[in-house]
Amino acid sequence: MIIQLDMQSELPIYSQLVYQIIEGIASGELQLGEALPSVRNLAADIGVNLHTVNKAYTILKQDGYILVHRQKGVVVNPDGMPKLTDDFLNKQQRELRPIIAEAICRGMSKEELSAVLAQVYDDVKMGHNKE
């Protein structure tokens with residue numbers, strides 16, 4: 001899996017790592033039980049601080065996307081992905097509200113926004129890179 005970081009982005013690097021690993025799992029590029037690089041190796045490969053990778057892995061572990069084995073290292077959770085919960089749905093709605101509000105302000109119709117959402121969904125599912 002190729003990690004592409006945008007060092008000029010307003011989005012923190014650890015968040016970019018979290019999102020890209022989740023996207024890798026969603027697209028099937030990363031399989032359940034597949035090993036991920038160690039914190040030290042990933043940090044060296046992408047040129048970021050160890051703490052940045054550690055923070056990303058901690059979030060992914062807390063959310064149930066990865067497991068840390070003493071012997072196997074970091075792996076995509078072999079038991080499956082986290083389930084759809086009320087907390088996740090609430091978080092999703094909070095994150096979507098400002099995006100939808102901005103789309104409305106810019107004159108985008110519900111249908112146009114739905115089409116964009118469907119396209120992004122398909123891109124993620126098929127493993128197509130953004131942009």
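These are my notebook entries on a predicted model of one protein chain.

**Entry 1: ground rules.** I number residues from 1 along each chain as its sequence is written, and side-chain values use heavy atoms, with hydrogens and water left out. Since the model is predicted, local features need pLDDT of at least 70 and side-chain atom pairs count only at pLDDT 80 or more, while totals for chains, interfaces and linings use all residues.

**Entry 2: the whole chain.** I looked up the secondary structure and found 5 helices and 2 strands, where helices (H or I, at least four residues) and strands (E, at least two) are DSSP runs, numbered from the N terminus. From the N terminus on, the order of these elements is α-α-α-β-β-α-α. The C-alpha trace spans about 50 × 35 × 25 Å along its principal axes. Of the 131 residues, 23% are buried, a word I use for under 20% relative accessible area, with exposed for over 50% and partly exposed in between (1.4 Å probe, protein chains only). I also noted that, among contacts (heavy atoms within 4.5 Å) with a separation of 6 or more, 50% come from residues 24 or more positions apart.

**Entry 3: helix α2.** Which residues of α2 are buried? In this helix, residues 39-46, I listed V39, L42, A43 and I46 as buried. Seen down the axis of α2, these buried residues fall within an arc of 100 degrees, so they line one face of the helix; the arc is taken from the directions between the helix axis and the C-beta atoms. On the face turned away from that buried side I found the exposed residues R40, A44 and D45. The buried residues of α2 pack against α1 (13-27) and α3 (50-63). Just after α2, G47 takes a positive phi of about 75 degrees.

**Entry 4: α2 against α3.** Two packed helices are described by the angle between their axes and the distance between those axes. For α2 and α3 I noted an angle of about 120 degrees and axes 8 Å apart, the axes being lines fitted to C-alpha atoms, for helices over the stretch in contact, with angles from 0 to 180 degrees between N-to-C directions. The two helices are therefore oblique to each other, given that angles under 35 degrees count as roughly parallel, over 145 as roughly antiparallel, 65 to 115 as roughly perpendicular and the rest as oblique. In this contact V39, R40, L42, A43 and I46 of α2 meet L50, V53, N54 and Y57 of α3.

**Entry 5: α1 against α3.** Here the angle is about 45 degrees, and the axes are 8 Å apart. That makes α1 oblique to α3. From α1, I13, Y14, L17, V18, I21 and I22 meet T52, V53, K55, A56, Y57, I59 and L60 in α3.

**Entry 6: two single residues.** Leaving aside neighbours within four places in sequence, its contacts include I25, L30, Y65 and M81. V76 and Y65 are 11 residues apart in sequence and 6.1 Å apart in space, C-alpha to C-alpha. I then turned to K125, which is in helix α5 (residues 110-126). K125 touches A26 and S27, not counting residues up to four places away in sequence.
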